[in-house]
Structures are given as structure tokens and as C-alpha cells.
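Trainee: I'd like to learn how to read a protein model. Could you walk me through one?

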Amino acid sequence: MIHSLDFVAFNAIIQPETMSDFRQRITIEAGKRGGKPCIRGLRITVYDILGWLASGMSNADILEDFPDLTTEDIQASLAFAADRDHHLVAASS
């Protein structure tokens, strides 16, 4: 059984342009939300979206509550998180 987040991640893998497209949607501005990555200059951060998904909100719930967002914005947040995770390095002891 594929869970919704797994399906989105799978979609990103089979559509590689999605992974690079997130860079067009994610903005970082020093004076906005403490320099956290935001969606298209809005005051909604990637971490807001990830938190909503982690709390059990569906894409449809998020889009209904935040009409300025799009499905592509949610996918961009997931792609941003996946890309960031690829760059993490474990600290040696």
C-alpha cells in the first residue's frame, strides 16, 4: 500500500523536473519569517507545510485553509525537504 506522502515522493522521482522546480517556488528573504524558506514570497514557510502534513492534514485540507497555495507549492516543500536531507552529513564522534 502506498501512503500519500510516499506517492508524492514517488511522483517526484518519476518526474525529475519536479525536484528542480522547487527552487523556482521557494524563496528565502532575511526580513521575512526569520529567513526561513517560504513559498513564492508568501509568509508561509516550507516548515509550516511540512508540519501540517505531519499533523495529518491532507493536501486538500491545506489548499482549502490556505487558498494562496497550490498543489505544486506542497510538492515543492516536500522536494525542498528531500533535497536538504540529501545534504545532511552525520557528525563523527
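Mentor: Let's go through this model feature by feature.

Mentor: One note before we start: this is a predicted model, where local features need pLDDT of at least 70 and side-chain atom pairs count only at pLDDT 80 or more, while totals for chains, interfaces and linings use all residues. Residues are numbered from 1 along each chain as its sequence is written, and side-chain values use heavy atoms, with hydrogens and water left out.

Trainee: Okay! How many helices and strands are there in the protein?

Mentor: Helices (H or I, at least four residues) and strands (E, at least two) are DSSP runs, numbered from the N terminus. Here you get five helices and two strands. Starting at the N terminus, the order is α-α-β-β-α-α-α.

Trainee: And how do I read burial? What share of the 93 residues counts as buried?

Mentor: Buried means under 20% relative accessible area, exposed means over 50%, and partly exposed is in between (1.4 Å probe, protein chains only). In this protein, 28% of the 93 residues count as buried. Take two examples. Ser77 sits in helix H5 (residues 71-86), and Ser77 is buried because its relative accessible area is 0%. Gln24 belongs to helix H2 (residues 16-25), and Gln24 is exposed, since its relative accessible area is 68%.

Trainee: Which residues is Ser77 in contact with, leaving aside its neighbours within four places in sequence?

Mentor: Contact means heavy atoms within 4.5 Å. By that rule, Ser77 touches Ile39, Val46, Ile49 and Leu50.

Trainee: What about a helix that has a buried side? How would I spot one?

Mentor: Here's the general idea: an α-helix has 3.6 residues a turn, so residues three or four places apart point the same way. Now look at helix H3 (residues 46-54), where Val46, Ile49, Trp52 and Leu53 are buried. Seen down the axis of H3, these buried residues fall within an arc of 130° (taken from the directions from the helix axis to the C-beta atoms), so they line one face of the helix. Just after H3, Gly56 has a positive phi of about 105°.

Trainee: Where do the nonpolar side chains go?

Mentor: In soluble globular proteins, nonpolar side chains tend to be buried together. A nonpolar core is a set of buried Ala, Val, Leu, Ile, Met, Phe, Trp, Tyr and Cys residues joined through side-chain atoms within 4.5 Å. The largest one here has 15 residues, and Phe22, Ile26, Ile39, Ile49, Trp52, Ile62 and Leu69 touch the most other members. H3 and H5 each supply at least two residues of this core. Zoom in on Ile62: not counting residues up to four places away in sequence, Ile62 touches Ile49, Trp52, Leu53, Met57, Leu69 and Ile74.

Trainee: Next up, charges. How many salt bridges does a search of the whole structure find?

Mentor: Side chains of opposite charge can pair when their charged atoms come close. We call it a salt bridge when a side-chain nitrogen of Lys or Arg is within 4 Å of a carboxyl oxygen of Asp or Glu. The search turns up five. One of them joins Asp83 and Arg23 (3.6 Å, N to O). Asp83 lies in helix H5 and Arg23 in helix H2, so this pair ties together parts that are 60 residues apart in sequence. Another joins Asp48 and Arg33, whose closest N and O atoms are 3.0 Å apart. Asp48 is in helix H3 and Arg33 is in the loop between strand S1 (26-27) and strand S2 (38-39), so that pair ties together parts 15 residues apart in sequence. There's also a network: salt bridges that share partners join Arg25, Arg40 and Asp73.

Trainee: Last one: how many aromatic pairs does the structure hold?

Mentor: A pair of aromatic rings is described by the distance of the centres and the angle of the planes. Rings of Phe, Tyr and Trp (its six-membered ring) pair if their centres lie within 6.5 Å; planes under 30 degrees apart count as stacked, over 60 as edge-to-face and the rest as tilted. There is one aromatic pair here. The rings of Trp52 and Phe66 have centres 4.2 Å apart and planes at 15°, so the pair is stacked. Trp52 is in helix H3 and Phe66 in the loop between helix H4 (59-65) and H5, 14 residues apart.
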